[in-house]
Amino acid sequence: MALSLKPYCLVVLFLFWISLNALVSDVGAAGECGRTPIRSAAASLSPCLGAARNARAKVPPACCAKVGALLRTSPRCLCAILLSPLAKQAGIMPGIAIAIPKKCNIRNRQAGKKCGSKYTTSFSSLSFESGV
């Protein structure tokens, strides 16, 4: 008896089509950083690494420009980056990094050391350990 592969091929094609649709809809979804993936948004802030790790470090003008642009286009994105595992992996201190917009004299910034209305947790109350 020979088995027909046609039904199996149809099932495989159907599963492939469903997987492709799920992937495409996920890619098109907008998050806290708009359509920009959080990893790309975080990478754009690389001039800020020194100032995000050390409260005494001078904030470079390139960092101020990047943070200002980010806050104009996606205000919640900065908080999403600071609260992400990427920030922890990069050694960023959220309580220090959240002060960068103030050091840059950016007018439309988060009040104090809190991230917008969605994120009401103060960074000073969070503990970020350096181990995994």
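The axes of helix 4 (residues 61–73) and helix 5 (residues 75–82) come within 4 Å and cross at roughly 115°, where an axis is a line fitted to C-alpha atoms, for helices over the stretch in contact, and the angle runs from 0 to 180 degrees between N-to-C directions. Helices (H or I, at least four residues) and strands (E, at least two) are DSSP runs, numbered from the N terminus. The model is predicted, with local features needing pLDDT of at least 70 and side-chain atom pairs counting only at pLDDT 80 or more, while totals for chains, interfaces and linings use all residues. Residues are numbered from 1 along each chain as its sequence is written, and side-chain values use heavy atoms, with hydrogens and water left out.

On the side of helix 4, V67, L70, L71 and T73 take part in the meeting, and on the side of helix 5 their partners are P75, C77, L78 and I81. These residues divide into seven nonpolar, one polar and no charged, given that Ala, Val, Leu, Ile, Met, Phe, Trp, Tyr, Cys and Pro count as nonpolar, Asp, Glu, Lys and Arg as charged, and the others, Gly among them, as polar.

## The chain and its core

The chain contains eight helices and two strands, and along the sequence they follow the pattern α-α-α-α-α-α-α-α-β-β. Of its 132 residues, 27% count as buried, a word that means under 20% relative accessible area, with exposed meaning over 50% and partly exposed in between (1.4 Å probe, protein chains only). Helix 5 is mostly covered, since six of its eight residues are buried, namely C77, L78, C79, A80, I81 and L82.

The largest nonpolar core has 23 residues, and those with the most contacts inside it are L45, V59, V67, L78, I81 and I100; such a core is a set of buried Ala, Val, Leu, Ile, Met, Phe, Trp, Tyr and Cys residues joined through side-chain atoms within 4.5 Å. Helix 3, helix 4 and helix 5 each give two or more residues to this core, and the largest share, five residues, comes from helix 4. Leaving aside neighbours within four places in sequence, V67 is in contact (heavy atoms within 4.5 Å) with L45, C48, L78, I100, P101 and I106.

## The largest pocket

The largest pocket has a volume of about 270 Å³. On a 1 Å grid over the protein atoms alone, a pocket is an open set of points where a 1.4 Å probe fits, with protein on both sides within 12 Å along at least five of seven lines, and its lining residues have an atom within 4 Å of a point. The volume is the space filled by probe spheres set on the points, which are joined across faces, edges and corners.

Of the 19 lining residues, A42, L45, L49, I81 and I92 are the closest to the centre of the pocket. By class, the lining has 17 nonpolar, one polar and one charged residues.

## Residues in the loops

S74 lies in the loop between helix 4 and helix 5 and is buried, with a relative accessible area of 15%. Apart from neighbours within four places in sequence, S74 is in contact with E32, C33 and G34.

The loop between helix 8 and strand 1 (114–115) holds N105, which has a positive phi of about 60° although it is not a glycine, and which is exposed, with a relative accessible area of 65%. R109 lies in the loop between helix 8 and strand 1 and counts as partly exposed at 37% relative accessibility.
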